[in-house]
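Here's a quick briefing on one protein model. Have a look at the fold, then read on.

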Amino acid sequence: MSDDPLPPSSPTPAPGRPTVRTAAVIPAAGRGVRLGPGAPKALRALGGTPMLVHAVRAMADSRAVSLVVVVAPPDGAGEVKSLLDAHALPERTDVLVVPGGESRQESVKLGLDALPEDYDIVLVHDAARPLVPVDTVDAVIEAVRDGAHAVVPALPLADTVKQVEPAAAPGEPEPVVATPDRSTLRAVQTPQGFDRATLVRAHGTVTDDVTDDASMVEQLGLTVVTVPGHEEAFKVTRPLDLVLAEAVLARRRLNDGF
């Protein structure tokens with residue numbers, strides 16, 4: 001843990017609470033096939049600005065985050081750096097661009113490897129969740145500061161969920177085998193927050209292909225906790241999601257001058 005004083009923009013810690021520093025890692029090396037051909041998903045425009053820029057700003061909006069590491073496509077780090085340099089970002093937050101790997105898991109590890117030693121809390125955020133509110137980011141950080149190994153923002157499910165037996169061929173009917181109690185289920189969002197040592201251990205231990213970093217911590221036998229997510233932290237995956245994101249952004253600009 002660093003003994004250096006907090007930068008001026010960081011919140012003052014509560015009496016008796018040790019100073020910690022928070023960094024965010026944004027893996028942005030994916031192609032975004034479901035959004036159709038063209039630029040990688042993270043570089044698609046939202047309100048005239050690439051989604052990746054919105055995602056970086058969303059992390060930097062938290063005064064607790066002093067570094068954002070963007071993990072670019074393996075051959076696109078220079079392009080991503082130029083793109084970020086062309087857009088205004090909060091000056092209080094440093095932004096570092098590093099080349100990523102062939103998988104999301106590998107890219108997150110490369111982002112972790114690039115972090116200076118004096119960062120104690122690490123957020124991992126999807127570039128495709130460009131509109132997550134700062135209150136959600138802060139809630140995740142606060143829960144890690146309070147002692148959680150891993151924290152995920154999550155929402156209750158609105159729809160009934162069915163467990164099915166996968167079809168033998170695409171498009172064929174799938175038999176339902178169970179109806180889980182949705183009151184015990186949650187839809188997980190990002191940023192996911194971690195004690196750095198825990199996340200480093202997870203990436204050094206778990207080799208299974210996983211869909212999020214919290215599930216790696218679960219495989220270590222450690223508890224992952226949730227904090228309330230937000231409906232605007234949805235993932236932009238399909239063309240209809242992009243339409244919704246444009247509407248949310250337009251409303252923010254109208255109401256808040258965002």
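Where is the place of Gly229? Gly229 lies in the loop between strand S12 (224-228) and helix H7 (239-256); helices (H or I, at least four residues) and strands (E, at least two) are DSSP runs, numbered from the N terminus. This is a predicted model, with local features needing pLDDT of at least 70, side-chain atom pairs counting only at pLDDT 80 or more, and totals for chains, interfaces and linings using all residues. Residues are numbered from 1 along each chain as its sequence is written, and side-chain values use heavy atoms, with hydrogens and water left out.

**Around Gly229**
- Gly229 counts as buried because its relative accessibility is 16% (buried means under 20% relative accessible area, 1.4 Å probe, protein chains only).
- Leaving aside neighbours within four places in sequence, Gly229 is in contact with Pro153, Ala154, Leu155 and Gln189 (contact means heavy atoms within 4.5 Å).
- C-alpha to C-alpha, Gly229 sits 9.5 Å from Asp135, though 94 residues separate them in sequence.

**H3 and H5**
- The axes (lines fitted to C-alpha atoms over the stretch in contact, angles from 0 to 180 degrees between N-to-C directions) of H3 (residues 104-113) and H5 (residues 196-205) come within 11 Å and cross at roughly 135°.
- Gln105, Val108, Lys109 and Leu112 in H3 meet Arg196, Leu199, Val200 and His203 in H5.

**Whole protein**
- You'll find seven helices and twelve strands.
- Of the 258 residues, 46% count as buried.
- For contacts between residues at least 6 apart in sequence, 71% join residues at least 24 apart.

Note on methods. Buried means under 20% relative accessible area, exposed over 50%, partly exposed in between (1.4 Å probe, protein chains only).
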